[in-house]
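Please look through the sequence and the coordinates shown here before reading on.

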Amino acid sequence: LASEARTLLGDLRKLEVDRQIKAEELKRVEADVATAAAELTALHAEVRRLEAEDIAERPAIEARLVDLYKLGQGRYLRLLMSTADARQVAEASRLVGAIERRDRERILAHQQRLATLRASRAALTARGTSLAALRVEAARAQAAAQRAVAGRNALLADIDRRRDLNAQLAGELQAAQQRLQAT
């Protein structure tokens with residue numbers, strides 16, 4: 001009985017250590033889930049902001065592209081050719097350069113915004129997948145911790161049952177001894 005008690009106490013200690021390890025793992029995973037959820041919220045906000053900027057800027061860019069299309073192949077060449085003297089040609093040239101630069105910058109900024117939006121959406125999808133995996137891992141860790149606790153409780157119940165059985169057997173043996181002595 002003494003060696004069995006030592007074995008059971010060793011098993012109980014192992015189960016308690018396993019439970020503590022699983023509880024720590026669960027805390028770590030829950031912290032990771034909280035961090036990932038915060039990042040996911042930030043990414044959602046960034047995507048919404050970029051979409052709002054895109055929606056706000058799109059009509060102006062579309063209108064400008066339609067205007068450029070209407071100008072045709074020569075685009076600003078007609079503006080330069082419609083000037084009468086050299087001074088007006090220089091002014092028109094600077095004006096055309098400024099307009100062209102502004103159009104190019106607006107289109108490039110719009111393209112960069114769209115690229116950033118695509119990257120943010122991809123990051124959002126990846127982070128969502130990561131968050132789902134972390135939640136599955138957290139559920140697994142929680143189940144493992146619960147199994148460890150259940151195993152510990154089952155072992156304690158088994159120890160109590162054995163102790164009660166041993167006490168009952170000891171009582172029966174004492175009663176039998178007393179009967180034998182009385183006989």
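Val-17 is partly exposed, because its relative accessible area is 44%, where buried means under 20%, exposed over 50% and partly exposed in between, computed with a 1.4 Å probe on protein chains only. Val-17 has its place in helix H1, helices (H or I, at least four residues) being DSSP runs that are numbered from the N terminus. From Val-17 to Asp-32 the separation is 15 residues in sequence and 23 Å in space, taken C-alpha to C-alpha.

This is a predicted model, in which local features need pLDDT of at least 70 and side-chain atom pairs count only at pLDDT 80 or more, while totals for chains, interfaces and linings use all residues. Residues are numbered from 1 along each chain as its sequence is written, and side-chain values use heavy atoms, with hydrogens and water left out. The pLDDT, which is the predictor's confidence in each residue on a scale from 0 to 100, averages 80 over the protein chain, and 91% of the residues score at least 70. Where pLDDT is low, the predicted coordinates should not be read in detail.

The largest nonpolar core has 11 residues in all, among them Val-29, Val-33, Leu-117 and Leu-131; such a core is a set of buried Ala, Val, Leu, Ile, Met, Phe, Trp, Tyr and Cys residues joined through side-chain atoms within 4.5 Å. Helices H1 (2–71) and H3 are the elements that give two or more residues to this core, and H1 provides the largest share, 6 residues. Leaving aside residues up to four places away in sequence, Leu-131 touches Val-33, Ala-36, Ala-37 and Leu-40, a contact meaning heavy atoms within 4.5 Å.

Ser-120, which lies in helix H3, is buried, with a relative accessible area of 8%. With residues up to four places away in sequence again not counted, Ser-120 touches Glu-46, Val-47 and Leu-50.

What lines the largest cavity? Its lining consists of Ile-61, Arg-64, Asp-103, Arg-106 and Ile-107, where a cavity is a set of points on a 1 Å grid over the protein atoms alone at which a 1.4 Å probe fits but cannot get out, and lining residues have an atom within 4 Å of a point. H1 and H3 each supply at least two residues of this lining, the largest share, 3 residues, coming from H3.

Methods:
On a 1 Å grid over the protein atoms alone, a cavity is a set of points where a 1.4 Å probe fits but cannot get out, and a pocket is an open set with protein on both sides within 12 Å along at least five of seven lines; lining residues have an atom within 4 Å of a point.
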